[in-house]
Amino acid sequence: MKNTKVIELEEVAIRFSGDSGDGMQLTGTLFSDTSALLGNDISTFPDYPSEIRAPQGTVGGVSGFQVQFGGKKITTPGDLAHVLVAMNPAALKANATFMNPGGTIIFDADSFSEKNLEKAQFKTNDPFTELKLNDFSLIPVPITSLTKESLKDLELDNKSVLRCKNMFALGLICWMFDRPLDYIEKFIQSKFGKKSPVIAKANLLVLHSGYNYGMNLQHMTPQYIVHPAPIEKGTYRNINGNNATAWGFLAAAEKSGLPLFIGSYPITPATDILQALAERKDLGVKSFQAEDEIAGICTTIGAAFAGHLAVTSTSGPGLALKSEALGLSVMAELPIVVVNVQRGGPSTGLPTKTEQSDLLQTLYGRNGESPVVVLAASTPSDCFYYAFLAAKIALERMVPVVLLTDGFLGNGSEPWRVPTMSELPAITPRKAKNPETFLPYNRDPETLARDWAIPGMEGFEHRIGGLEKNNAGGVNQDPDNHQRNSEIRAAKVEKVVDMIPELEVAGEPEGDLLVIGWGGTYGHMISSVRAMQDAGKKVSLAHFNYIKPLPKNTADVFSKFKKIVVCELNMGQFASYLRDKLPEFQYYQVNKMKGLPFSVNELVENFDKLLEA
Amino acid sequence: MTKFNYTAKDFKSAAEVRWCPGCGDYAIMNAVQKTMADMDIAHKDFAVISGIGCSSRFPYYMSTYGFHTIHGRAAAIASGVKSANPDLTVWVMTGDGDSLAIGGNHFIHLVRRNINVNLVLFNNKIYGLTKGQYSPTSDRGKITKTSPFGTIEDSFVPGQLVLGSRGTFFARAVDNNIKHTQEVLAEAAQHQGTSVVEVLQNCVIFNDGIHDHISDPKFRAERQIFLKKGQPMIFGEQEDKGLILENGRLKVAKIGENGITLEDILVHEPAEDNLGLQVALINMSLPEFPVAMGVIRSIEALVYDQEMKKQIEAVQQKRRITCVDELLQSGNTWTVDGENCDEPVKFFDNKCFG
Ligand SMILES: Cc1ncc(C[n+]2csc(CCOP(=O)(O)OP(=O)(O)O)c2C)c(N)n1
Ligand code: SF4
Ligand SMILES: [Mg+2]
């Protein structure tokens, strides 16, 4: 062991990268789960092309998975990777700019053939010089041939053999980071064991070959030690944002005593929510894969009319299709939740990349004055709580709620201390009680929420609709009535402010710069603000989860800082919303439109500039 | 023995009915209300869902639960209502524009899924509410405000669309024949699965008389054929004409001529899955044929909302996870309990929720 270079680190980011058929997402996920089980905190970032199988070996077809893990609280998947696993030249090329200077690059030497270099559009036969990577630790490993060698005694076709390559890389990385293989072994057994014992055997053999390769050639591969993070007591699991969202709705259904209905149409990156709920027939979920997004929300509205907790999930293009029907739920005052897992737009845009550019669509993208409650989750696991809360608000206030997440949250995962149901607040749907006095649009004077009577309830029969109405639900086009109802619908949304907490400030409550973010950028925002604070700067963060209505104390928080900067992955939508709502402040902006999360570095640079100016 | 002694009046709301005097919708509403009264189902269990159009005003005139939604989407909203609560009796009231133009997609998918709702298609071959533009059922050449020189497109035949979407029930009636409309609606209500009843409806204002050549009571017997289950397909004032198959095609034959007897006349079997013949019946048009009225197709098939319920029950029979706490603890979890670990801060405490 004496030759091994042992490096002790607080946190490490690893990027697994290969062709989209190389199984990099699985490799990354298995490594992340293993690390989480060891007690590291983790944050992951799957980054894959929108074509399922883009041409092999090309830069466009590269699929990557980055995970950062460490011995302290991890809030981002890391700007730059310390270790890159590149299964081919294209993977090297696509990721060179995301490498920490001096990092380690492990690559499949067999795949760096002339042909593959050409496919990746390298001009020379020396890709490392071409990409200026000569200062890095370069570790060539003949992954393909060693995989073949390990499997020569099994009678497997070439394609199945090559499919095991990723296990070699995984085994090697597990050795480097001193991870046990038992979790991965169990996974392989349960995935292939019954269906195809020989494939299970092949994967296990190659996994161990990779691990042993690291051990035997330890003179050249550095070994890293990353200690477990001191975290809160409890039961943990790894969860991504889409699953957390789905489970938040399940929790809300159970708390409210209502059955859960989801009407949706598949769309990246939101499909997992529909899939996760379709799987939960054991908990009585009614999932309806509709013919389009319009039918998705319309079936949802129908289910809400019939008394269910009804939700629909989608991404930007789907939200556009749902807009007219969302207006119907505003007018009819039915409790539905719409989840928008945002992606790059406009049009089909960047389907697999993250962005925050649907904020104004969500707030305003409907005909007429059509206010809805808008929430935004900020980490993969807190999608659970915001989905729960969205349902609670909808059911207790008889108002549609839109929950904004994004591709980064939806696909990204982190360890999560699972709550018990007893930790969650009660949800009390506004079921109508007295048929004598019932009118569909009689309201609670405090909250302006109406009562909910559903078909099947004796004595409450009534009609509602999309036309402007009187208290009985009948058509009323009287000018004063429309004025009054418009004001009521707006006020009803504003009154939700008493269900939400005040805006929190991370850091000192006053200072030179208040950094503002919202939704899925939280991890990068808090990391960059902490870095500023560690450097002695008077910078604090106010991160918004409640967009409409805004928390009560928002203006108060803003007033304590010399400068305010709003950071978002769009061209300035939240900033313009704040200018409209709180025009008394001046807002600087940091915006990014690359289909990528912020990096901590670029945020810090921007904040420094603002402090100097 | 009936449980409830409802009359049609029990289904009328207090709202003033605002259709134009003489509009065919009045008669259809009377037939629907009578049918509902006869169904002997608790009043509270009816939900009437509509889109937008003159005909879609329907729910306001009913005393049941009702939902007047948005243009074209009644089928989708009703699909949600019925899937959520299969115990409700769900009716969809919709126009030719509502269901066959803007809502065409939802219409065919409702029919394909065979969700147990009763859909009444008010076919006046025009957009009434928007004051007289052509619709997907307007005939080629139709002159309207948006087709001042005549349309240059062919129309849908609603029944074809239903059968093309694997429909299990299709019937046709005429607004001015309330008794027959009611008989047909009663059968539609009985049907398990999506039942589509096309009612030829007169719009006195924008398309007056569009169905007269078919519906005129004076010529009813000659121009309409009332199909009845298990009965020979005969029509005519003297009941002396019938339908036969000749070289694979339908043909009108006179009983007593050319050696044709009653025995030779086709017998109507709506419960048989005989798409070819049923589409041929749907396609019959004047002057060569009488127009087919009554239940043309009514076959048994699996019903979506029931299957959804059964699937959930079947999964729950064998379930390992019975509540959300169990779900949260299932699969790959691990416990953190070190001495340097803090007590957890609970989300709803942490965030100072009241
Ligand atoms: C999204 C949308 N587009 C257009 C309209 C206008 N519109 C209302 S009803 C209608 C057509 C109605 O025709 P039909 O469904 O045949 O009903 P009818 O009035 O003839 O009974 C149209 C185009 C609308 N309300 N909403
Ligand atoms: S416009 Fe035509 S369809 Fe509409 S109510 Fe008047 S008559 Fe009936
Ligand atoms: Mg019409």
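In the predicted model, the count of salt bridges between domain 2 of chain A and domain 3 of chain A is zero. The side of domain 2 of chain A that touches domain 3 of chain A comprises 17 nonpolar, six polar and four charged residues. At least two residues of that side come from each of helix H14 (359–364), strand S14 (373–376), helix H15 (383–397), strand S15 (401–406) and helix H16 (407–411) of chain A.

The domain assignment places domain 2 of chain A at residues 237–423 and domain 3 at residues 511–612, while domain 1 spans 6–226. The C-alpha centres of domains 2 and 3 of chain A are 26 Å apart. Contact between these two domains involves 27 residues of domain 2 and 26 residues of domain 3. About 2100 Å² is buried between them, and carbon and sulfur atoms account for 62% of this area. Within domain 2 of chain A, the greatest losses of area to domain 3 are those of A:Gln356, A:Leu359 and A:Ser378, which together make up 28% of what that side buries.

Between the chains, 84 residues of chain A are in contact with 72 residues of chain B. The area buried between chain B and chain A is about 6400 Å², with 65% on carbon and sulfur atoms. On the chain B side, B:Tyr65, B:Leu328 and B:Trp334 contribute 14% of the area buried against chain A, more than any other three residues.

Two salt bridges are found across the interface of chain B and chain A. One of them joins the side chains of A:Glu291 and B:Arg113, with an N to O distance of 2.8 Å. Elements of chain B that supply two or more residues to the side touching chain A include strand S1 (46–50), strand S2 (65–68), helix H4 (104–113) and helix H10 (304–317). Helix H2 of chain B gives the largest share of that side, seven residues. By class, the residues of the chain B side divide into 33 nonpolar, 27 polar and twelve charged.

Strand pairing also links the two chains: strand S17 (residues 463–465) of chain A pairs with S2 of chain B in the parallel sense over three bridges. Within this pairing, A:Arg463 has B:Gly66 of S2 of chain B as its bridge partner.

Definitions and conventions. Residues are numbered from 1 along each chain as its sequence is written. Chains are lettered from A and ligands numbered from 1 in the order in which they are written. This is a predicted model: local features need pLDDT of at least 70, side-chain atom pairs count only at pLDDT 80 or more; totals for chains, interfaces and linings use all residues. Side-chain values use heavy atoms; hydrogens and water are left out. Domain bounds come from an automatic or database domain assignment. Contact means heavy atoms within 4.5 Å. Buried area is the accessible area (1.4 Å probe) that two parts lose on being put together, summed over both. A salt bridge is a side-chain nitrogen of Lys or Arg within 4 Å of a carboxyl oxygen of Asp or Glu. Helices (H or I, at least four residues) and strands (E, at least two) are DSSP runs, numbered from the N terminus. Ala, Val, Leu, Ile, Met, Phe, Trp, Tyr, Cys and Pro count as nonpolar, Asp, Glu, Lys and Arg as charged, and the others, Gly among them, as polar. Two strands pair if DSSP finds at least two bridges between them.
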